[in-house]
Structure formats: structure tokens, C-alpha cells
Amino acid sequence: MSTTHPLGIDVGGTGIKGAPVDLRTGEFAADRLRIDTPKESTPDAVADVIEKIVDHFKDLVGEQPIGVTLPSVVTHGVVRSAANIDQSWIGTNVEELLQGRLGRPATVLNDADAAGVGELRFGAARNTEGLVLVSTLGTGIGSALLNKGQLVPNSELGHLEIDGHDAESKASSAAKDRDELSWEDWAARLQRYYSHVEDLLWPDLIVVGGGVSKKADKFLPLLHLRAPIVAAQLRNAAGIVGAAYEAVESAKAEGTHRE
């Protein structure tokens with residue numbers, strides 16, 4: 001019998017990307033499929049795209065569970081916020097919606113949380129004990145908190161108020177571009193942000209992701225913190241990998257996982 005793999009799907013503002021994941025290695029078991037996010041990104045429209053991705057990989061996925069990331073706070077399967085997707089998501093029980101559509105277990109989590117799980121299991125935070133902060137720098141600042149290998153979901157640390165401002169409005173990658181900051185000037189804002197977070201949480205490790213992490217050598221050496229601060233390793237694969245991992249863990253907990 002051929003080996004099947006869980007499927008991770010990452011829902012973004014412009015694209016919905018999915019791939020089966022080999023959880024022995026943390027690598028994709030097939031090339032990723034990307035489909036544009038519908039212009040009206042309602043729950044039903046996005047679910048239609050997710051169905052297409054599941055169907056595309058049906059032979060590799062079999063009856064394995066799927067994990068889906070959203071740019072949203074998700075509690076107990078219900079969407080509580082909507083960033084870069086339609087506001088009609090708020091209040092939707094997306095896990096029930098997808099399980100009804102797909103006829104299989106579906107686990108849904110915040111996109112930064114999924115990326116954090118990916119980095120913890122297979123990336124820069126692998127084998128780290130204690131408290132890990134995975135921070136994604138992009139349009140905003142996403143965050144994932146992982147304590148002793150367990151996700152503490154929906155931390156939303158990009159919205160801390162620092163010096164009278166929402167932190168991400170001053171320290172995100174988008175803020176660097178908007179204000180035409182040099183690496184040094186942006187690093188000064190990041191120093192203020194991460195120092196504040198460190199004083200609140202005392203993490204053992206900080207992992208920085210997002211597209212700008214490809215240029216980590218330009219700004220991470222300028223930061224001086226108690227905890228080591230390193231670049232993420234999985235890049236854009238982190239959310240898909242983390243979602244697939246969490247889907248299997250949730251299915252095991254509910255007794256519905258099949259090898």
C-alpha cells in the first residue's frame with residue numbers, strides 16, 4: 001500500500017497554497033500547488049479552492065487529515081478576526097465548514113502559529129527547550145509562542161502598544177518600506193520592540209521569519225537581546241508544514257488518525 005501524507009494548506013490574502021507533508025522530514029511530499037485567492041474571499045469561496053487542492057493531491061493524501069492556516073485569530077474552530085480576507089469569516093466555524101465539505105478531519109489555526117509549529121518541529125527552533133517566540137515580519141508582525149513544545153495560540157504580539165503606537169505600525173517590514181528606513185534605523189525600532197517583548201516573556205529563543213528574513217544578515221546582527229535571535233529556516237513552507245503537523249496531532253488526540 002502506498003504511503004499517504006497529511007495535507008497543509010496556507011490561506012493568504014493573494015494566494016492559497018497547499019502540499020502534502022512528509023512528517024518524518026518536514027519536507028513536501030509533492031510540489032506545492034498555488035491557486036489565487038478569490039477576489040471575494042468569503043468562507044464558501046475559499047472552501048471551494050481548498051476542495052480543489054484536496055482533490056489535486058487525493059492520491060498522496062488518502063484519508064489523512066488536513067490542516068489549514070488563516071490570517072485570523074481562530075479559537076475552538078471559530079474565526080474571530082479577518083486580516084486580508086473577507087469580513088464575513090468572523091464568527092464562522094471553519095472547522096465544521098471544511099469537515100462538512102471534505103468528509104475528513106480538518107484543523108484550522110492562525111498562520112503565524114502554524115509557521116511557529118513548523119519552525120519548532122523542523123526548523124530553527126528544533127530541539128529547543130523552554131519558551132520560543134517565532135516572529136514574522138511582513139505587512140504586520142505575526143507571533144507564535146511555543147512553550148516546552150506546546151503551542152500557546154493566538155498571541156497577537158504585533159499589537160502590543162509601545163510608545164503610544166501599535167507595535168507593528170512602526171516595526172513591521174511594511175513600516176520599513178513605508179518610512180524608507182535604512183537597515184540601521186529599522187533595527188533600532190526592532191530593538192525597541194523585541195526588548196519590550198523580552199521584558200514581558202523572557203523567551204529562551206527568538207526566531208524571525210517573513211520574507212525579509214532572507215536578508216537577516218542585514219539586521220539581526222544589529223540587535224542586542226538576552227535571548228539568541230535567529231532567522232527562520234523553513235521560509236514560506238513553514239505554515240504548510242506546521243498546519244499538517246497540527247492536523248495529525250489533533251486527529252491523534254481525537255482518535256481519528258489513520259496511519
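Biologist: Which helices and strands each supply at least two residues of the lining of the largest pocket?
Modeller: They are β1 (7-11), β2 (15-22), α4 (111-122), β9, β10 and α8 (238-254). Helices (H or I, at least four residues) and strands (E, at least two) are DSSP runs, numbered from the N terminus. This is a predicted model, where local features need pLDDT of at least 70 and side-chain atom pairs count only at pLDDT 80 or more, while totals for chains, interfaces and linings use all residues. Residues are numbered from 1 along each chain as its sequence is written, and side-chain values use heavy atoms, with hydrogens and water left out.
Biologist: Which of those gives the largest share of the lining?
Modeller: That is α4, with four residues.
Biologist: And how many residues line the largest pocket?
Modeller: There are 42, and P71, D111, A112, T136 and T139 lie nearest its centre. A pocket here is an open set of points on a 1 Å grid over the protein atoms alone, where a 1.4 Å probe fits, with protein on both sides within 12 Å along at least five of seven lines; lining residues have an atom within 4 Å of a point.
Biologist: What classes of residue are in that lining?
Modeller: By class, 21 are polar, 12 nonpolar and nine charged.
Biologist: Switching topic, which residues touch the most other members of the largest nonpolar core?
Modeller: L137, Y193 and Y194 do, in a core of 27 residues. Such a core is a set of buried Ala, Val, Leu, Ile, Met, Phe, Trp, Tyr and Cys residues joined through side-chain atoms within 4.5 Å. Buried means under 20% relative accessible area, exposed over 50%, partly exposed in between (1.4 Å probe, protein chains only).
Biologist: Which element gives the most to this core?
Modeller: α7 does, with six residues.
Biologist: Is F219 buried or exposed?
Modeller: F219 is buried, at 1% relative accessible area, whereas W183 counts as partly exposed at 21%.

Definitions and conventions. Ala, Val, Leu, Ile, Met, Phe, Trp, Tyr, Cys and Pro count as nonpolar, Asp, Glu, Lys and Arg as charged, and the others, Gly among them, as polar.
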